[in-house]
Amino acid sequence: MKASVARFFALFLCVSLLFPGVIVRAARAGEPARAPRVALTFDDGPHPGRTKRILALLDRYAVKATFFILGCNAEYYPEPLQMAVEGGHEIEDHSFDHKTKGKSVEELENSIAKTAAIIERASGRSPRYFRPPEGKSTLELDRALEALGYDAVFWTVDSRDWTGKPADAIARDVLKTVRDGDILLFHDYTCPGENTLHALEKIIPELLSRGYRFVTVEEMFSVSKN
Ligand SMILES: [Zn+2]
């Protein structure tokens, strides 16, 4: 008897490893279908023009997003940050000045905490997530994040808007790649022109028509843990 149970679990394990989707689908059979979700994220802002235009577009479709801000830009441009807060968007930390290379744990903690203080003043909420500048993690950064109780958040789809890629190409490639649970990377400060905005003018309505629900990073992770 014990041998057959062991054989069953061995088989289950093999099937799980080879065809994980089969097991997940089988386990969820009978549950109501959940809408696919996607998180829009914007790095490096706020910017006095670009952030506001992106916020207006998000508002038009009643879509919420997550902004990973730089403290130095928020000090210069408090108004678009306040608009993002009032629009119900999530504000998270991207360091004070985008400089993390070669910094000590203490310097990184200061950079992150200084930005957190700006976010707290603007929104009354403490950031929980940190996006490492350029997606680069270091031992010092990991230690600083652990000390401050942050989770590092990267992305699953890079729009590459920061390269100056044309809006049509950004939209085409994102729409071809995107899947349920993706975190999409855009920028509301550093990219040239309005490519990000024009790409989003295509991406958002198309994903809505495909049945996607736009969630913030916090919502994405809290649902994933359930
Ligand atoms: Zn950045």
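A: Let us begin with how helices are compared: axes are lines fitted to C-alpha atoms, for helices over the stretch in contact, and angles run from 0 to 180 degrees between N-to-C directions. With that in mind, and remembering that this is a predicted model, look at H3 and helix H5 (residues 78-86), which pack with their axes 9 Å apart and at an angle of about 15 degrees. Angles under 35 degrees count as roughly parallel, so H3 is roughly parallel to H5.

Q: Which residues make the contact of H3 with H5, and how do they divide by class?
A: On the side of H3 the contact is made by Thr 51, Lys 52 and Leu 55, and on the side of H5 by Pro 80, Met 83 and Ala 84. These residues divide into 4 nonpolar, 1 polar and 1 charged. The crossing of H3 and H5 is left-handed.

Q: Where do H8 and H9 meet, and is their crossing left-handed or right-handed?
A: The axes of helix H8 (residues 167-177) and helix H9 (residues 195-209) come within 8 Å and cross at roughly 35 degrees, and H8 passes H9 in a right-handed crossing. The residues that meet are Ala 167, Ile 170, Ala 171, Val 174 and Leu 175 in H8 and Asn 195, His 198, Ala 199, Lys 202, Ile 203 and Glu 206 in H9. By class, the contact of H8 with H9 has 7 nonpolar, 2 polar and 2 charged residues.

Q: What is Ala 167 in contact with, leaving aside its neighbours within four places in sequence?
A: Ala 167, which lies in helix H8, is in contact with Asn 195, His 198 and Ala 199 when its neighbours within four places in sequence are left aside. Positions can also be compared by C-alpha distance: Ala 167 and Glu 201 are 34 residues apart in sequence and 9.2 Å apart in space.

Q: Is Ala 167 buried or exposed, or something in between?
A: Here one counts C-beta atoms within 10 Å, with 20 or more meaning buried and 12 or fewer meaning exposed. Ala 167 has 19 such neighbours and so counts as partly exposed. Val 38, whose place is in strand S1, has 25 C-beta neighbours inside 10 Å and therefore counts as buried. Leaving aside its neighbours within four places in sequence, Val 38 is in contact with Val 178, Asp 182, Leu 184, Leu 207, Tyr 212 and Phe 214.

Q: What should I look for in the backbone of the loops?
A: Ala 62, in the loop between H3 and strand S2 (66-69), has a phi near 55 degrees, a positive value in a residue other than glycine, and Ala 62 is exposed, with 10 other C-beta atoms within 10 Å. Ser 95, in the loop between strand S3 (90-93) and helix H6 (105-123), has a positive phi of about 90 degrees although it is not a glycine, but Ser 95 is buried, with 24 other C-beta atoms within 10 Å. As for the peptide bond, the one from Gly 45 to Pro 46 is cis, with omega near 0 degrees, and Pro 46 is found in the loop between strand S1 (37-43) and helix H3 (50-60).

Q: Which residues touch the most other members of the largest nonpolar core?
A: That core has 47 residues, and those touching the most other members are Ala 39, Phe 67, Ile 69, Leu 184 and Ile 203.

Note on methods:
Residues numbered from 1 in each chain as written. Predicted model: local features only at pLDDT ≥ 70, side-chain atom pairs only at ≥ 80, totals over all residues. Helix = DSSP H or I, 4+ residues; strand = E, 2+ residues; numbered from the N terminus. Core = buried A, V, L, I, M, F, W, Y, C linked by C-beta atoms within 7 Å. Parallel < 35°, antiparallel > 145°, perpendicular 65-115°, else oblique. Left-handed = near helix turned anticlockwise from the far one by under 90°. Contact = placed C-beta atoms within 7 Å. Nonpolar A, V, L, I, M, F, W, Y, C, P; charged D, E, K, R; others polar.
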